[in-house]
Amino acid sequence: MVTLAEVAQHAGVSASTVSYVLSGKRSISGATRLRVEESIRELGYHPNAGARALASSKSNIIALMVPLRTDMYVPVMMEIAIAVATTARLHGYDVLLLTGEEGADAVRRVTGSGLADAMILMDVELADERLPLLRGASARDSARPRAGDDQPSVLIGLPADTTGLTCVDLDFGATGALCAEHLAKLGHRDIAVIGEAPAVYERHTGFAERTLDGLRSRARELGLRVLHRPCEGGYDAMAVTLARIFEERASVTGFVVQNESAVEPLLALLRQQGRAVPEDVSVVAVCPDQVATQASVRLTSVAIPAQEMGRRAVEQLVAKLDGRGRDEVVLIAPELTVRASTGPAPGPS
């Protein structure tokens, strides 16, 4: 392994000069800096991460909390995580991936140990227990020191109260409204929402709750009736859910699906029942484009901009680390793509 002293000897400078070039703590002439950088490239020198962290009080690591739950669609979570890691690397940061369900304990461990310079949190709940640690002292205990002052953070998701936080997310409220508007324009008046697994709503996960709130609010304005039923996903669970929907409201002609694992079982069950898509029933999905385009009927959908969410979260975090950032909520506007699964509502039978 090449040492700093060997780089210094190769460049014809002192070891301290090489250190200053690496750390940027002192002004070095352009010619000397170029000579040192050329020696670093030629010798393939990589600074020791531990020593660099001790010298600079920085780890150049971003901690990413991704609870991988069985009731979540993991491919979307991992696409966001990959975008975070790729963008972080462009800015000179590595990513520490935390996949457990430790919640607030994991935040305390990372902030208390100096493992990372900053944090990105995913799978955000409306009243997430991790948030007081990121904001600092809670309102009822304002005398406590602010735990998050020296640890910038960004949420990929939106809690109920965003005060003192930086958040990046798809505007799921507008997403739900957009789905309702599309079906209303086609003449549908009774809509069923096939949602995520029940546990997602029991945790009050932000994206699911906000989609439903946005859809219901816009549906009331448009005079639509809405029936919401959570679903575990998979064929058997979807069969039970679909039977329940038609038993409770046989007039349903439009479906909004926010559950990737329920998409194909729903389409298969509708075929078995002799309900043609979109002639008899229209289906809109909130899902990745890949799921929408590879379904047995190409789905009208609002895409999940996973890569953009991950990239923008890192950019917000790096701005904070550089002293340029501020607390703000960045909502990505939804885009609905019309495909083969939606059409005019059928007339009375």
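Q: How many cavities of 30 Å³ or more does the structure hold?
A: Bearing in mind that this is a predicted model, the structure holds one cavity of that size, 30 Å³ or more, and the volume of the largest cavity is about 310 Å³. Its lining is made up of 19 residues, of which Met-72, Val-76, Met-77, Phe-172 and Phe-207 are the closest to the centre.

Q: And which helix gives the most to that lining?
A: Helix α5, residues 74–90, gives the most to the lining of the largest cavity, contributing three residues.

Q: Switching to the largest nonpolar core, which residues touch the most other members?
A: In that core of 46 residues, Ile-80, Ile-120 and Ile-156 touch the most other members. Apart from it there is another core, of 27 residues, including Met-238, Leu-242, Val-291 and Val-297.

Q: What is Ile-80 in contact with, leaving aside neighbours within four places in sequence?
A: With those neighbours set aside, Ile-80 is in contact with Met-122, Ile-156, Ala-306, Met-309 and Gly-310.

Q: New topic: is Thr-342 buried or exposed?
A: Thr-342 counts as buried, because its relative accessibility is 10% and the cut-off for buried is under 20%. Thr-342 is placed in the segment after β12 (336–337).

Q: Which side chains does the Thr-342 side chain make polar contacts with?
A: Among them are the side chain of His-182, at 3.0 Å, and the side chain of Thr-300, at 2.8 Å.

Technical notes. Residues numbered from 1 in each chain as written. Predicted model: local features only at pLDDT ≥ 70, side-chain atom pairs only at ≥ 80, totals over all residues. Heavy atoms only, no water. Core = buried A, V, L, I, M, F, W, Y, C linked by side-chain atoms within 4.5 Å. Buried < 20%, exposed > 50% of the residue type's maximum accessible area, 1.4 Å probe, protein only. Contact = heavy atoms within 4.5 Å. Helix = DSSP H or I, 4+ residues; strand = E, 2+ residues; numbered from the N terminus. Polar contact = N/O pair within 3.5 Å; in protein donor to acceptor, adjacent residues only side chain to side chain. 1 Å grid on protein atoms, 1.4 Å probe; cavity = no way out; pocket = protein on both sides within 12 Å on 5 of 7 lines; lining within 4 Å. Points joined across faces, edges and corners; volume = space filled by probe spheres on them.
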